[in-house]
Amino acid sequence: MVRQMLHAGYERAPLPPVRQESPSETPPASAEQPAQSQPAKAQKKPAAKQRDPFFDNAKYLTIVLVGIGHAWDPLRHDSRTAEALYFVLYTFHMPAFIIISGYLSRSFEGKPKQVQRLVTGVVVPYLAIQFAYTYFMRWANDDPDREFHFQEPGFALWFLCALFIWRLTTPLWKSLRWPMPVALVIGAAASVTPSIGGDLNLMRVAQFLPFFVLGLQLRPHHFQLVKRKQARYLAVPVTLCTMVFAYWAVPRMSKAWFLHDKAAADMGVPSWAGAVMYLALFGCGLVMTACFLSWVPRRHMWFTALGAGTLYAYLLHIFFIQSSRQFDWYEMDWVDHPLSRVVITVLAAVMMTVLCTPWVTRLFRFIIEPRMDWFFKRDPGAMARRRESGKPASHRRK
């Protein structure tokens with residue numbers, strides 16, 4: 001199963017998803033051709049593309065795990081079990097999120113509308129949240145002189161920089177004969193190159209790149225492999241073995257290996273060992289992602305619709321997580337209780353769920369998904385097609 005995923009071909013479609021071209025922008029049928037002579041299929045309106053609940057479910061569950069992982073970080077130091085669970089979670093939760101992002105980016109071809117969507121759906125939110133985050137940290141950390149380092153992503157904002165670069169280079173990856181080996185070479189090379197600076201968090205961009213490229217190569221039938229009943233059964237012993245191994249590895253391994261933000265030399269190991277560890281973790285991440293996806297529901301669930309708001313949850317939860325650390329929420333007495341980890345896990349899941357809800361997305365859409373038609377030139381071809389189809393020039397997609 002893993003071998004088939006690695007050698008997958010590719011199709012076309014991003015997180016946030018590329019908006020499909022409006023039907024009004026397709027050339028109308030020739031006015032000289034009688035309607036009766038047109039093929040029956042051409043007279044029918046194309047059916048709206050249905051969202052696959054499997055991917056919305058997977059997106060929601062991965063974003064919940066991202067929030068739980070960030071909430072667990074301060075709790076892992078005094079518990080070997082908690083640290084082992086943290087290792088297991090960080091083995092696959094970002095790889096799974098990135099693979100799905102790559103799979104949903106297959107349609108990106110660098111068209112003007114897609115590039116505009118990339119700017120409004122990735123660049124603008126990054127600048128806005130980075131700006132707000134700087135002011136937030138000035139207040140929370142009592143640091144009024146904190147500078148605006150837009151080239152250095154704040155907490156968790158590296159993903160937007162990575163998504164912008166990955167998606168912008170999607171046409172390149174789709175044109176290569178061997179995209180996966182090339183991406184793995186880039187990731188492994190980054191893992192042994194300590195001179196890579198912190199600008200745009202390029203270390204993580206490069207080391208997580210193979211997961212995005214893998215997503216670009218996957219086809220729907222590859223996901224059918226993990227939807228089989230046998231895959232769900234096999235995922236149980238694999239996950240249990242991973243947990244046992246993680247428990248053994250806790251005193252012998254640093255969490256930095258899972259963050260992919262440092263080179264091997266920065267962790268005090270030889271370059272060859274860093275490259276081997278990087279490739280091993282890529283394999284582990286792929287296996288655990290397959291296990292996770294095998295448990296994702298395939299039908300509509302109560303949380304399926306929340307999968308459309310995962311970018312909102314990812315960006316907004318930053319302020320809650322940083323508040324918990326800046327204001328010493330973990331120093332409260334009740335946190336020392338053994339059940340506190342369960343309570344904090346539940347609270348983190350609830351937080352991420354609320355941040356995915358429609359009322360939150362409506363409230364923050366002007367920042368995270370702004371409509372900026374005024375910022376871009378109008379497409380003369382699209383305007384001409386609208387005029388030919390009898391629609392006013394001021395027509396806008398709803």
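These legends go with several close-up views of a predicted model.

The model is predicted, so local features are reported only at pLDDT of at least 70 and side-chain atom pairs only at pLDDT 80 or more, while totals for chains, interfaces and linings use all residues. Residues are numbered from 1 along each chain as its sequence is written, and side-chain values use heavy atoms, with hydrogens and water left out.

**View 1. The whole chain, for orientation.** The protein chain has 18 helices and zero strands; these are DSSP runs numbered from the N terminus (helices H or I, at least four residues; strands E, at least two). Of its 398 residues, 48% count as buried, where buried means under 20% relative accessible area, exposed over 50%, and partly exposed in between (1.4 Å probe, protein chains only). Carbon and sulfur atoms account for 63% of an accessible surface of about 20600 Å², computed by the Shrake-Rupley method with a 1.4 Å probe; for residues, only the protein chains shown count as cover.

**View 2. Helix α8 and its buried face.** Running over residues 179–191, α8 has 13 residues and reaches 18 Å from first C-alpha to last, close to the 18 Å expected (1.5 Å times one less than the number of residues). Pro 179, Met 180, Ala 183, Leu 184, Gly 187, Ala 188, Ala 190 and Ser 191 are buried.

**View 3. Helix α10, wrapped up.** Nine of the nine residues of α10 (residues 209–217) are buried, so the helix is largely enclosed by the rest of the structure. Among them are Phe 211, Phe 212 and Gln 217.

View 4. Val 343 sits in helix α16 (residues 340–355) and is partly exposed at 38%.

**View 5. Two aspartates with positive phi.** Asp 142, in the loop between α5 (112–140) and α6 (158–168), has phi near 50° and is exposed at 68% relative accessibility. Asp 328, in the loop between α15 (310–326) and α16, has phi of about 55° and is partly exposed at 45%.
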